[in-house]
Amino acid sequence: MKIQDLTELALRNLRESLLRNSLTTVGISVGVASLVAMLSLGIGLQQLASRRLVKSGLFDTVVVTSRRDLRGTGRERNEEGNGPTPGESRVLDESARLEIEHLPNVLEAYPDIRFITELRYDDKPHLTMISALPSSARSNDAFEAMQGSFFSSDTASEAILQKTFAEELLGKTPPRGGDELNVADLAKPLLGKELTMRYAQRAPGPAPPSASGADSASARDRDLAGAAYSVISREQKLKIVGVADLDPESMRGPTRAKVFLPLKLAESLHVMQPTDLREISRAASDQPVYSSISVRVKNPTQVQVVEDAIKKMGFTTFSLLDASQSLRTFFKVLDLFLLIFGSLALAVASIGIVNTLVMAILERRREIGIMKAIGASDGDVKKLFFAEAGAMGILGGIAGVALGWAIGRIINFATNIYLRRESLTPDNFWSVPWWLVGLAIGFSLLVSLVSGLYPAGRAAKLDPVQALRYE
Amino acid sequence: MTTAPAASAATHTVAIHSENLCRHYRMGETVIRAVDGVSLEVRAGEFVALLGSSGSGKSSVLNLIAGLDRPTSGSVVVQERDLAKLSREELAKYRLHVVGMVFQSFNLIASMTLAENVELPLRFAEVDRSRRQTLASEALQRVGLRARMNHRPSELSGGEQQRAALARALINRPQLLLADEPTGNLDSHTGTEIMNMVREFNRELGMTVVMVTHERALAERYAQRMIFLADGKLIDNRTNTPTAVDDRVRGGQS
């Protein structure tokens, strides 16, 4: 029989016992729907997570340091001084920064300016780590739920506080085991207030640079500070514009900062940084030398490529690529589990198909006998039952995708209501990509054809003489 | 008029030949010999009646000739095909192209209209839709049911249903028409109507007809030859005088 005739006869037969076949098809569609709903949530969560990760800046940032820095003890430096190869111990200066910034796939490369200094608030001194942020950090996840606003400009005399520092300023500590202090409550008395930052400015000094290294950090401080440049004590007024709940620098571990300044402002201050001393001592030019540079990569998947390129230039790099890879593995496993659970419902539905078709054989025994008597081959009968199973599979698959899509939407909607109630940011953690639609319908068709295998074989083998005798 | 006029062209060719044909069923311990050593021959264009009481094995012989069943032993050769040696697939082809069947209970498919029932064999033969519709319409025209082609079998009388079944049996232009008690469910008037059509096919289209019946009168009126079966064995084989048959038919109609 031709496919066209098969389809026509199959659909006609499905219409004949409409209720039973509809119920079976609904069974399939529920199975497909559970599969689609599970996977769409899995995919959605994965997309949400990677979206968050990209925003967090954890996985698209490479931190570049000079190799020298890592082994920055005086002794090693001396050894290298005997025969340093330029590629191995390059200075991380402005020209290196520009070179990195022009690498393919690099979005920006900005110097890490971070220093510990004293901040005065309400006439009380607080010693803390300060870090500079480029204006691109505005899109960072940490500032999404921030109280107040981001820096008005890259040079504004403004500061954003991390929540823990805000607590420190207000003299509040979160109760042990209890609820955390609300950021909004912390921010209210602080926003718009002024902080006074006292810092050491590095100014070019009149004396020639010292030629030798020193044995200890304090000795070096004295020597170099006196020899290379002068240090001037300064004050800078900063307006508190924001209090952030999350930590934009969580990847930095113990060196993370609690107060943030606009990058250009921080650069203009020429604050003396702990690593300045060593670098400046061997810097050949007047160019600024950085202790480390943060490189933002266009896409987390290109981090490895960029890292390799920078390493080739003679610098040390650090990124959280490995962590993102294990996260991907986690989602693959999660998807697999969701797929298995979603498939269970489809497996139950496939038993429904077998049942329906076996019933149909019993009911249509005589009809099968007639068809064989007037010339239908075993293959024709088999194909007809196969076509019926397939038609139920495709119809159930289409209905199931629609149903699963709706279920996913409802779950997403309901969860967002819940999130809003808990005063958390609602988000979309549900996604039905086209490949999932195709996969679900294809899978449904496959399952129903496999289910039709046994009934179709049984119908084909029916003895026409007995089938015609049967009333 | 010694033989049927249309059959004269193929008078001497043998349409069906069976040799010691047996069909045994096993029912637990006992073996039922439904057909037990039947040897017969039907010439092309002949109209033969298989007679016998119920359980005599006449329907079983018909099923063996139709290729719906396979012999336990012996042979049945139809139009030079040894049916015992055909594969299941080849038997289906044989049923499709060589044999047309009508049954006591009409055996139309209830969910299909008359036209769809009639064209169903053409679907198995993979004939194009438009050609199918033309042929089905022609066949229904022949049995006088063209006006009812879009009705379902349940909306028709028994006689009309059997006429539709005849149209379906004709659609593939088979050489052999096998009828199993074709008038068994009909009153005598519609039964006569159907039998006249069967004879018309036999004479005008030159189809070989084998009809199973338990009504001797019917067989005497229409068949050229009567084969009597009892307990699966052939017990008598006699030729009717065609003139006498014709006279009786005319008498019955007038």
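Two strands are said to pair if DSSP finds at least two bridges between them. In this predicted model, strand 7 and strand 8 (residues 208-213) of chain B pair in the parallel sense over five bridges. Strands here are DSSP runs of E with at least two residues, helices are runs of H or I with at least four, and both are numbered from the N terminus.

Residues are numbered from 1 along each chain as its sequence is written, chains are lettered from A and ligands numbered from 1 in the order in which they are written. Local features need pLDDT of at least 70 and side-chain atom pairs count only at pLDDT 80 or more, whereas totals for chains, interfaces and linings use all residues.

- Strand 7 spans residues 176-180 of chain B, and five of its five residues are buried (20 or more other C-beta atoms lie within 10 Å of the residue's own; 12 or fewer makes a residue exposed, anything in between partly exposed, with C-beta atoms placed from the backbone).
- Both faces of the strand are covered, with B:L176, B:L178 and B:D180 on one side and B:L177 and B:A179 on the other.
- Strand 6 (residues 99-102) of chain B pairs with strand 7 of chain B in the parallel sense over four bridges, and B:G100 stands opposite B:L177.
- In strand 8 of chain B, B:M211 is the bridge partner of B:A179.
- From strand 7 of chain B the chain crosses through helix 6 (residues 188-204) to strand 8, in a right-handed β-α-β crossover (with the strands pointing away from the viewer, the path from the first strand over the helix to the second runs clockwise).

**Nonpolar cores**

- A nonpolar core is a set of buried Ala, Val, Leu, Ile, Met, Phe, Trp, Tyr and Cys residues joined through C-beta atoms within 7 Å.
- The largest such core has 129 residues, and B:L50, B:I65, B:L140, B:A167 and B:L178 have the most contacts inside it.
- Helix 2 (residues 18-56) of chain A gives the most to this core, with eleven residues.
- Leaving aside residues up to four places away in sequence, B:I65 touches B:I16, B:V76, B:V78, B:L178 and B:V210 (contact requires C-beta atoms, placed from the backbone, within 7 Å).

**The sheet of chain A**

- Chain A contains 16 helices and eleven strands.
- Four strands form an open sheet in chain A, in the order 2-10-1-11 and with antiparallel pairing.
- Its edge strands, strand 2 (106-111) and strand 11 (315-318) of chain A, each pair on one side only.
- Strand 1 (residues 61-66) and strand 10 (residues 292-297) of chain A pair in the antiparallel sense over five bridges, and A:V64 has A:I293 as its bridge partner.
- Of the 471 residues of chain A, 40% count as buried.

**Confidence**

- Chain B has a mean pLDDT of 88, and 90% of its residues reach 70 or more (pLDDT is the predictor's confidence in each residue, from 0 to 100).
- Over residues 1-11 of chain B the pLDDT is below 50, and this stretch has 24 contacts in the model beyond near neighbours in sequence.
- Residues 248-254 of chain B also stay under 50, with four contacts beyond four places in sequence.
- Where pLDDT is low, the predicted coordinates should not be read in detail.
- For the complex, the predictor gives an ipTM of 0.88 and a pTM of 0.67.

Terms used. Contact = placed C-beta atoms within 7 Å.
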